[in-house]
Structure formats: structure tokens, C-alpha cells
Amino acid sequence: MNEAGPREQAVRTTLAAAALNILGTPIELLFARELPIPMPLWPVFAAMAVGVAVVVTLLVHGRQMSMSNIALLYVVNNTAIALALLLLQPYFALLGRAWSPFQEQKLGVLVASLLAPTLGSGIVAIATLVASALALFAELAPDDLRELPVAEPGPLLIFAIFAVVILFYRMHLLEVQRSTTRIATANAAAAATAQTALAIRDLANTPLQTLRLSVSRLRRDDAGQGIVLDRMDHAITRISELNEMLRPHGEEVLYAGPASFDAPSRLRRAR
Amino acid sequence: VGLGVVILEDDSDLRASLKEAVSEITKSPCVDVASYNAMAAREDEVLHTSLAILDINLGPGAPSGLDAHEWLVKHAYRGRVVFLTGHARSNALVASAANTGNAILLEKPIDFDRLAEIVMHGDLP
């Protein structure tokens with residue numbers, strides 16, 4: 001089981017998304033020479049710069065950031081990629097049937113389903129990537145549209161639907177994992193309390209037993225100290241009652257350790 | 001098997017108090033030991049008693065009252081066994097031992113009358 005808390009997990013996955021931006025967006029440059037007219041390079045570098053800024057921000061402030069701010073950083077990083085695609089893909093569209101459209105968006109929505117730190121940021125990221133592709137459709141001239149594969153944007157929308165389903169399922173698994181961690185933590189705390197209560201009772205009850213038998217002995221000897229012995233009996237009873245109050249704590253957990261144990265050490269460890 | 005009683009208790013004050021009280025009840029001396037090894041060393045005397053009063057926690061790392069009970073069973077002890085413990089059934093092994101046929105579990109402190117009932121009348125399942 002992953003022991004990291006929700007925030008640590010969110011920082012980790014957002015860092016991974018930013019790293020994919022920094023390493024993945026420049027791949028567009030590899031295809032620049034194939035284009036009929038040169039494409040601008042700055043959208044690639046701008047997206048990478050946003051990725052670098054997100055990485056630096058997370059490394060410096062990630063531990064103090066709230067979940068919503070981490071999710072916001074994730075959305076900013078994803079939006080930078082979507083905007084770069086929006087600006088670059090019209091050049092790729094000029095390749096006509098030689099272009100396989102929206103592969104980046106298809107990959108992007110699946111990555112969002114696996115890395116988005118929250119449900120909301122995941123849905124926004126998927127929607128942004130799909131919107132960047134649909135915007136291209138709106139932007140292209142009818143002649144250019146006719147050159148694109150007829151099925152699009154259908155396959156992209158199917159990818160997006162699957163990505164949303166995976167995102168929901170992943171969020172559900174994360175919640176189950178967090179619940180399990182919470183239960184395990186509560187159980188460990190209950191076990192520690194039980195062992196402390198047990199150690200107190202173990203230490204207190206032996207001298208109480210000695211006192212109880214000693215008072216009985218003095219009574220049988222009729223030492224003429226009845227009132228004093230009554231007081232001692234009351235005191236013993238009160239301490240016994242205190243021990244009784246600890247019983248539920250000690251018996252909440254049936255521990256499986258050795259029957260002979262070091263009660264004073266256990267109490268010292270509990271401090 | 002007569003009315004003899006063996007007391008296994010590591011706390012010297014309580015051991016002395018129990019010994020005194022039991023001797024008064026049975027009108028005869030009893031075997032008192034502070035540890036499992038001391039009990040095993042007095043095998044003949046121990047196995048001729050009719051009641052064993054066993055503390056469970058005999059100190060860190062030491063054999064426990066449960067080990068003593070196992071020793072008694074292994075040596076065909078015919079008497080009854082009372083676990084007199086400070087913390088009752090919280091330990092899984094203690095809870096399990098308390099369910100065996102010839103043993104009961106009592107939590108400290110018990111009073112003299114209760115001790116007398118157990119010594120004289122058994123008060124066992």
C-alpha cells in the first residue's frame with residue numbers, strides 16, 4: 001500500500017505531468033521539417049516553460065500547498081499543452097491525409113485520467129484537451145476539413161469518455177486506499193491505548209492485592225484499628241474502581257504478545 | 001492430592017500475603033515460588049497440591065504463568081488452576097488458557113473471603 005498522504009500523492013503526480021510536458025512537447029519539433037509551411041516554435045517552448053515553472057513551484061512549495069492549489073497547477077500545466085496544440089496543429093492539418101489527427105490529445109486525456117490530482121482537475125484537463133481539438137475543427141476551412149480522416153473527432157471523444165471513466169475509478173481507488181490507511185492508523189492508536197491501559201492495570205493490581213489481603217489480615221487479628229482499616233479499604237476500593245475504568249480500553253484490543261511483559265517499559269514508551 | 005496449594009507469584013510482598021492467607025485457610029503450609037524455574041525445581045511438592053494459583057506476568061522475558069500451566073498439564077497435574085492476574089483477558093493466550101477445563105481466570109484484587117471460597121470449595125467449572 002502507498003503510505004504517502006493525499007497531498008504527497010498529488011504533488012508526485014502533478015510533477016510527473018509537468019515532466020511529461022517538458023519532455024513530451026518538444027517531440028512536436030521533430031516533425032516541423034515535414035510541414036509544408038514552417039510552424040512557430042514558441043508555443044512549444046512556452047508550454048515547456050510552464051512545465052518548468054510548475055516543477056519548480058512544486059519542489060519549493062509543494063509541501064505547504066493546499067490540494068486545490070496543486071490541482072490548479074496541474075490544470076495550468078495541462079492548459080499550456082492544450083494551447084500549444086491549438087496553435088501548432090493547424091500546421092499539421094495542412095498535411096491532409098498524411099496527418100493522424102489529435103494523437104497528442106488522445107494520449108493527453110489518458111495521461112490526465114492517470115495523473116490528475118483531483119477529480120475536478122482531471123475533468124477540466126480532459127475537457128480542455130478535447131476543446132483544443134474541437135476548436136481546430138471550427139477553425140479549419142471546409143476544404144481542409146475534407147482532407148482529414150472522416151471519423152474524427154469521434155475517436156477522440158471515445159478516448160475522452162474512457163479517460164473520464166478511468167479517472168472516476170482511480171479516484172474511487174484512492175479514496176478506498178485512504179480509508180484503509182485511516183482505519184489502520186486508528187487501529188494502531190487503539191492498540192497502543194489498550195497496551196498502556198493493560199500496563200497500568202498490571203502494575204496497579206498486584207500492590208492492591210497485597211493491600212487487600214493485608215487489611216483482611218489486620219481485621220482478623222482484631223488490632224483495634226477498625227476505623228483506620230475502613231479508610232484503607234475505601235482507598236483500595238477507589239483505586240480498584242479507577243482500574244475498572246481502564247478495563248474497556250485494555251480489552252478493546254486482544255493483543256497477541258507474550259504473556260510476561262515489561263509493564264514499566266511499556267508505559268515509558270507510551271510517553 | 002490433598003488440600004495443598006502452590007502459589008506462583010513474582011512479587012515478593014504479594015507472594016508472602018497470599019501464602020499467609022492460604023495457610024490460614026487450609027491450616028497447612030503451602031508451596032510458594034517466584035518463578036517457573038523455581039516451580040519446576042520443586043516438582044514433587046508442586047504435583048502433590050490440589051490447587052495452583054498462578055500469576056501470569058512473571059516479568060519481561062521470563063516464562064509466564066501460561067508456561068507454568070503448560071508444565072503442570074504436561075506433568076499430569078490433577079489439581080485445579082487459578083490464574084490470578086492484573087489484566088485479565090486482554091491477552092489472546094490468557095483468554096485461551098482461561099477456557100481450558102480445569103482453569104479459571106481471576107483479576108486482582110480479590111478479597112480474603114473470595115480466596116477462601118476458591119481454596120476450600122473449588123469454585124471452578
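**Helix α3 against α4, chain A**

I began with helix α3 (residues 42–61) of chain A and helix α4 (residues 67–93) of chain A, whose axes come within 8 Å and cross at roughly 170°. I took axes as lines fitted to C-alpha atoms, for helices over the stretch in contact, with angles running from 0 to 180 degrees between N-to-C directions. On the α3(A) side I noted A:W42, A:P43 and A:V44 among the contact residues, and on the α4(A) side I noted A:L87 and A:L88 among them. Contact here means heavy atoms within 4.5 Å. The residues of this contact sort into 15 nonpolar, three polar and no charged. For that sorting, Ala, Val, Leu, Ile, Met, Phe, Trp, Tyr, Cys and Pro are nonpolar, Asp, Glu, Lys and Arg are charged, and the others, Gly among them, are polar.

A note on the source: this is a predicted model, where local features need pLDDT of at least 70 and side-chain atom pairs count only at pLDDT 80 or more, while totals for chains, interfaces and linings use all residues. Residues are numbered from 1 along each chain as its sequence is written, chains are lettered from A and ligands numbered from 1 in the order in which they are written, and side-chain values use heavy atoms, with hydrogens and water left out.

**Chain A as a whole**

I counted ten helices and zero strands in chain A. Helices (H or I, at least four residues) and strands (E, at least two) are DSSP runs, numbered from the N terminus. Of the 271 residues of chain A, 38% are buried, with buried meaning under 20% relative accessible area, exposed over 50%, and partly exposed in between (1.4 Å probe, protein chains only). For contacts in chain A with a separation of 6 or more, I found that 78% come from residues 24 or more positions apart.

**Helix α5 against α6, chain A**

Next I looked up helix α5 (residues 103–115) and helix α6 (residues 119–139) of chain A, which pack at about 175° with axes 9 Å apart. α5(A) and α6(A) are therefore roughly antiparallel to each other. A:Q105, A:G108, A:V109 and A:A112 make the contact from α5(A), and A:G122 and A:A125 are among their counterparts in α6(A). This contact divides into seven nonpolar, four polar and no charged residues.

α6 of chain A also holds A:A135, partly exposed at 28% relative accessibility.

**Single residues in chain A**

I checked A:D233, which sits in helix α9 (residues 226–251) of chain A. A:D233 counts as buried at 18% relative accessibility. Leaving out residues up to four places away in sequence, A:D233 touches A:R212, A:V215 and A:R219.

Then came A:F102, in the loop between α4 and α5 of chain A. Phi of A:F102 is near 65°, positive in a residue other than glycine. A:F102 is buried, at 0% relative accessibility.

**The sheet in chain B**

In chain B I traced an open sheet of five strands in the order β2-β1-β3-β4-β5, with parallel pairing. Two strands pair if DSSP finds at least two bridges between them. The edge strands are β2 (31–33) and β5 (103–107) of chain B, and the twist averages 15° from one strand to the next.

β3(B) pairs with β1(B) over four bridges and with β4(B) over four bridges. I saw B:L8 opposite B:L54 in β3(B), and B:A52 has B:V81 in β4(B) as its bridge partner. Five bridges join β4 (residues 80–85) of chain B to β5(B).

In a regular strand the side chains alternate between the two faces of the sheet. In β3(B), B:L51 and B:I53 point one way and B:A52 and B:L54 the other, and all are buried.

Helix α1 (residues 12–26) of chain B lies across β1 (5–8), β2, β3 (51–54) and β4 of chain B, at about 170° to β1(B).

Most residues other than glycine have a negative phi, and most peptide bonds are trans. I noted a cis peptide bond between B:K108 and B:P109, with omega about 0°. B:A76 has a positive phi of about 55° and is exposed at 55% relative accessibility.

Terms used:
Angles under 35 degrees count as roughly parallel, over 145 as roughly antiparallel, 65 to 115 as roughly perpendicular and the rest as oblique.
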